[in-house]
Amino acid sequence: MKRTVALIGALDTKGQEYAFVRECIEREGFRALMIDVGVLDSPAIRADIPAEQVAKNGGSDLKTLAATKDRGQAIAAMSRGAVAMLRSLHNAGKFDAVLAMGGTGGTSVATAAMRALPLGVPKVMLSTCASGDVSAYVGTQDVVMIPSIVDVAGINKVSRRVFTQAAGAVCGMLRAQDQQAASEVPDRPVIAATMFGNTTPAITAAKAQLEAEGYEVLVFHCTGAGGRTMESLVSAGLVDGVLDLTTTEWADELVGGVFTAGAERLDAAARTGTPAIVVPGCLDMVNFWAPETVPDKFKGRTFYQHNPNVTLMRTNVEECRALGRILAAKANASIGPVTVLLPLGGISMIDLPGKPFHLPEANAALFSVLRESLRKDIPVVEMECDINDPAFSRRCVEELLKNLRKKSPRPRPRAAGNRITTV
């Protein structure tokens, strides 16, 4: 049976362009499912799913949308309809990949629908805004953005080549899926791990240990997008355990850095009961871009130039106290087994004696508040070493394996309190 590519676009203004791409896809041996999200006029080519049906799926009426001539309202309504329509069609097995083309409006509608699809469904967006900041369009999903070079407005020497390559890209993804399925290795249980440059040795060692135990490890770089992506995969049930060794994104969320993952960071594992390890890794730092981008209110603070484009600022005692309360509140919400590990010798590569972010009183405040605020049945393991010490990585893995073996949704209270000290 032929595989199918869903083509989603405004066929009233871009019918010629979509007809061209449909031909490209059919020449490659695939079927095309044309979905119209145009509002202004009648479609220039026939759609398999008409715009009236898409609007209805979003709780709107196409004639009413057209009559109001409110572009923002129309985009919002068709986005809702496209999300519901693509999700329903995919669940019914009606298509295997999706391709769209457009400007800011078309990109907004199509990528909203793409983000509603599961990870692994090929998603290609040919867009006039693909060369800029596309985070709002991609979110935490695997949407491939291709710059259109020229506007999606006719078939010409440039657009012909770009359209053909976009069609080839989505068809190539489907072929790659077929090849992968033919040589698929058995799935292994999955661990999500968080890493920063300053915790790379720790995660590298832990990853090797977990892989030796038969786990597949997904490493997420804690730059905001990394944390959000991990949270979405945990929420989707694609992760068996979480080694959250680098919770630094909360420092940016609290203080105002550029690598925030939002206030929901650390929620997914707690809410789903996914076995987890929580470590205050790199909470000694807040991230900004180049030095000149640091807000004036932070003058006089301690900074470290990580690279020409990233400036780190040391968190102070008060901020660390607040971070301790936040991490405890997140862990306390867990319905599954969670363990907190504290590297008393330093929480990053530059938080060591003689290093620029060594500030023992700030760490002491962080650890103290965290200990005092945690539920008494949540184990706390303290080690007299820094976060990148191989012994700390080994203990993190050991504790995570223990949590993975637990069958009850919540660890039982410990008779002797919750503190374990290891020298």
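Leu266 is buried, at a relative accessible area of 8%; buried means under 20% relative accessible area, exposed over 50%, and partly exposed in between, with a 1.4 Å probe and protein chains only. This is a predicted model, where local features need pLDDT of at least 70, side-chain atom pairs count only at pLDDT 80 or more, and totals for chains, interfaces and linings use all residues. Residues are numbered from 1 along each chain as its sequence is written, and side-chain values use heavy atoms, with hydrogens and water left out.

Back to Leu266: its phi is near 80 degrees, positive in a residue other than glycine. Most residues other than glycine have a negative phi. Leu266 sits in the loop between helix 10 (249-255) and helix 11 (267-272); helices are DSSP runs of H or I, at least four residues, strands are runs of E, at least two, and both are numbered from the N terminus.

Cys282 also has a positive phi, about 60 degrees. It is in the loop between strand 9 (276-278) and strand 10 (285-288), and is buried at 0%.

Now the rings. The whole structure holds five aromatic pairs. Rings of Phe, Tyr and Trp (its six-membered ring) pair if their centres lie within 6.5 Å; planes under 30 degrees apart are stacked, over 60 edge-to-face, the rest tilted.

Phe196 and Phe259 are edge-to-face, 6.2 Å centre to centre with 80 degrees between the planes. Phe196 lies in the loop between strand 6 (190-195) and helix 8 (200-212), and Phe259 in the loop between helix 10 and helix 11, so the pair ties together parts 63 residues apart in sequence. Phe196, Phe259 and Trp289 form one aromatic cluster.
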